[in-house]
Amino acid sequence: MKAKELQELRQNSPLDLQGKLGDLKAELFNLRFQLATGQLENPMRIKEVKKSIAQIKTILREEELRA
C-alpha cells in the first residue's frame with residue numbers, strides 16, 4: 001500500500017479495519033487454495049495480501065496501545 005492508502009486506513013474505525021482484515025484473510029485462503037490446485041495466475045498476490053494483513057494488524061495494535 002502507498003502512504004496515502006495507509007493514512008486513509010488509519011482514519012477508519014477499528015470495526016471497519018476488522019471487516020477488511022476478515023476479507024483479506026478469506027482472500028488469502030482462496031489464493032492458497034488456488035496455489036495448491038495449480039490455478040493461481042498471479043503468485044505475487046499472496047505476498048501483497050499478507051503484507052496488507054500485517055499493515056492492518058499493525059494499525060489495530062497502535063490503536064490498542066493508544067487507548
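Which helices are included in what covers the buried residues of α3? They include α1 (3–11) and α2 (14–37). The helices named here are DSSP runs (H or I, at least four residues; strands are E, at least two), numbered from the N terminus.

Before the tour begins, please note that this is a predicted model, in which local features need pLDDT of at least 70 and side-chain atom pairs count only at pLDDT 80 or more, while totals for chains, interfaces and linings use all residues. Residues are numbered from 1 along each chain as its sequence is written, and side-chain values use heavy atoms, with hydrogens and water left out.

**First stop: helix α3**

Select residues 44–66, which form helix α3. The end C-alpha atoms of this helix lie 34 Å apart, in agreement with the 33 Å that its 23 residues should span at 1.5 Å a residue. The expected span is 1.5 Å times one less than the number of residues.

**Second stop: the buried residues of α3**

Next, select Ile46, Val49, Ser52, Ile53, Gln55, Ile56, Ile59 and Leu60, which are buried in α3. Buried means under 20% relative accessible area, exposed means over 50%, and partly exposed lies in between (1.4 Å probe, protein chains only). Displaying α1 and α2 as well shows part of what covers these residues.

The whole structure holds five salt bridges, each being a side-chain nitrogen of Lys or Arg within 4 Å of a carboxyl oxygen of Asp or Glu. Arg45 is partly exposed at 29% relative accessible area, and Glu27 is partly exposed at 25%.

Because Glu48 and Arg45 are three residues apart in helix α3, about one helical turn separates them. An α-helix has 3.6 residues a turn, so residues three or four places apart point the same way. Glu48 is partly exposed, at 40%. Together, Glu27, Arg45 and Glu48 are linked in a network of salt bridges.

**Last stop: Arg66 and Glu63**

Finally, select Arg66 and Glu63, whose side chains form a salt bridge (2.7 Å, N to O). These two residues of helix α3 are also three residues apart, or about one helical turn. Which of the pair is exposed? Arg66 is exposed, with a relative accessible area of 58%, whereas Glu63 is partly exposed at 30%.

Definitions and conventions. Contact means heavy atoms within 4.5 Å.
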